[in-house]
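Here is a short briefing on one protein chain. Keep the structure in view as you read.

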Amino acid sequence: MDAEEGRGDGFFAPTASTLVVGLGNLLRADDGAGARVAQALAAQELPADVEVVEGGTLGLDLVNLMEGRRRVILVDAAEMGRTPGEFVRFGLDEVSLLGTDQYISVHAAGLRDALLLAQVLGALPEELVIFGVQPGSLEWDDALSPAVEERLPHLIAAVQAEL
Amino acid sequence: MTSVNVNVHHVTRVEGHGNIVVDAKNGDLLKCEWQIVEAPRFFEAFLRGRPYYEASHITSRICGICSVGHATASLRATENALGVKVSEQTELLRKLLFHGEMIDSHVLHVYMLVAPDFFGAGSVLPLAASHPEVVLRALRIKKLSGDLCAAIAGRHTHPIAMAVGGFTHLPTEKELLALRERLVAARDDMDETIALLKTLPWPAFERETEYVSLQKDDEYAYIDGRIATTDGFTYEIPEYRQVTNEHSVPHSTAKWAKHNRESYMVGALARFNNNYEQLHPRAKQAAEELDMKPLVTNPFLNSAAQAVEMVHCIEDAIDIVDELVDRGIKEEPLFQFQDKGGEGVGSCDVPRGILFHNYVIDDEGFIQGANCVIPTNQNHANIEADMRALVPQILDSPQDEVRQTLEMLVRAYDPCISCSTHLLNVEFV
């Protein structure tokens, strides 16, 4: 794979059937946990059919990014009422997204908006796995909170085990 | 006689926070205001004391939608202040990048923000359920424009590779050719877009105003040129204050602007009215399909003018890619600061209209003063003037319809309210 094909932003038609997207803002403490997982995975040797994208605060573009993939694994901070650092693996059928009449801001669409739209459009991949990690802090900080930092290697390992 | 009381506290499907307040009793319009309630953002103050090379990166954060536009205007202001000449390759790449952003912003507005009104959908989600092909088409065009920007600037929102005097990263020929293929394929999507817009029941409302945009003799102007108005005025870019005349009004945290009349309009429709002759033939054809020829005075058709511009941008982007590939992409030296400051104004016609950045840079390369005049500011007075003209025409409609039509009017301008809010500086002597 040459450098261009490894752009990791869906510029060229996808060749890897599995896509891992780590989401979040690295400047908002634990919100960046997903992005850190993507960074850690991207630095490792991965199977040829896996592509890793650090999605940042990607909005509706996620719908396009998932196109043509058989399996998509999303990693993001999620408010789940658990203890900070705890992570949960779930599928879309295990959670409820908002109703379809809910107002979506396309100027600041998030993961839920993108998934709702993909669902309505029938554009979800065959297999969608979400790793939600409970944040401890969403303050302005370029470091994770200690609780999430401590659990991060376990989260990375859990995502890696899927590949 | 009819009484109407419309109070839309925060219009949805626009960027930022604005209110529509209309109060009419027995046919008399007692109050008709377009209120801007967004908090000011102080970007000009952020710039003071920062080195010149940070300005484009700081000001691109003014807007997540037209961050390339702000970065370009910022770089042009800095380059004019420091006497930097840019290469033809840089000019071509900036134009190509600008087209990407124009398409990206327009497709978002036309499909995600405006279209739901015509389909009776509250947002893009029910629209996706009832007309998935429309939304999929929009997402396809959006992906193309985003990829175009990413190939040149590293990423679209808050571009990385744009620098004073040139680019810190260049696209490869392979990327350009891949983009070309997709741009050509997008022609079908644009045909469908124009066909769709042709069927939409645009509200019938005409109010002629002064239309202000950049203008060039040899091309449809987006970057540099002169300031032109449909009232026959032209100004050089450094004379921008003679056009904008920013002032404060009590019901707005954003400044308002006026030139020859009580208000003027900027944006796609203003560019269309001023620069129709310089549009690509295919874009003119699209305009003909939509029955549009200057002077178009229905502000709702700003969205249609955006679609015409998308056709133009796609065609011009194809031509620019061809030229770049023919010339071959070359590494070029970047600007080196020469211990000499100055003042400069940069102007671009970004998706929502003409934009000005004005910097004073000292001999050590630090910014001493900055002024940014944002398109949405220049439109606020015109939006309100439209509302005052429109309300009496629709007063007899059901109140919900009045509200809906007024919201559609505001949306037609594609206002980016967050970008436009900054406070007046007051210094007591």
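Chain B exposes about 16,000 Å² of surface, and carbon and sulfur atoms supply 48% of that area. The model is predicted. The points below go from the whole chain down to single residues.

**Overall build**
- Chain B contains 14 helices and 12 strands.
- Its C-alpha atoms fill a box of roughly 70 × 60 × 40 Å, taken along the principal axes.
- A compact globule of 429 residues would have a radius of gyration near 22 Å; chain B has 21 Å, so the two agree.
- Of the 429 residues in chain B, 63% are buried.
- Take the contacts in chain B between residues at least 6 apart in sequence: 71% of them join residues at least 24 apart.

**Charges**
- Chain B carries 39 positive and 61 negative charges.

**Helix 9**
- Helix 9 of chain B covers residues 268–275.
- In this helix, 8 of the 8 residues are buried, so the rest of the structure largely encloses it.
- Among the buried residues are Ala268(B), Leu269(B), Ala270(B) and Phe272(B).
- Arg271(B) is buried too, and so are Asn273(B), Asn274(B) and Asn275(B).

**Ala138(B) in helix 6**
- Ala138(B) sits in helix 6 of chain B, which spans residues 132–153.
- Is Ala138(B) buried or exposed? Its relative accessibility is 1%, so Ala138(B) counts as buried; the cut-off for buried is under 20%.
- Which residues does Ala138(B) contact, leaving aside its neighbours within four places in sequence? They are Val107(B), Tyr111(B) and Met112(B).
- Met190(B) is 52 residues from Ala138(B) along the chain, and their C-alpha atoms are separated by 9.8 Å.
- An α-helix has 3.6 residues a turn, so residues three or four places apart point the same way.

**A four-stranded sheet**
- One open sheet in chain B has 4 strands in the order 8-7-6-9, with mixed pairing.
- Its edge strands are strand 8 (234–236) and strand 9 (264–265) of chain B, and each pairs on one side only.
- Strand 6 (residues 210–215) and strand 7 (residues 226–229) of chain B pair in the antiparallel sense, over 4 bridges.
- Which residue in strand 7 of chain B is the bridge partner of Ser213(B)? The partner is Ala228(B).

Notes
Residues are numbered from 1 along each chain as its sequence is written. Chains are lettered from A and ligands numbered from 1 in the order in which they are written. This is a predicted model: local features need pLDDT of at least 70, side-chain atom pairs count only at pLDDT 80 or more; totals for chains, interfaces and linings use all residues. Side-chain values use heavy atoms; hydrogens and water are left out. Buried means under 20% relative accessible area, exposed over 50%, partly exposed in between (1.4 Å probe, protein chains only). Helices (H or I, at least four residues) and strands (E, at least two) are DSSP runs, numbered from the N terminus. The radius of gyration is taken over C-alpha atoms; the globule rule is 2.2 Å times the number of residues to the power 0.38. Contact means heavy atoms within 4.5 Å. Accessible areas come from the Shrake-Rupley method with a 1.4 Å probe; for residues, only the protein chains shown count as cover. Lys and Arg count as positive and Asp and Glu as negative; His and the chain ends are not counted. The place of a charge is taken as NZ of Lys, CZ of Arg, CG of Asp or CD of Glu. Two strands pair if DSSP finds at least two bridges between them.
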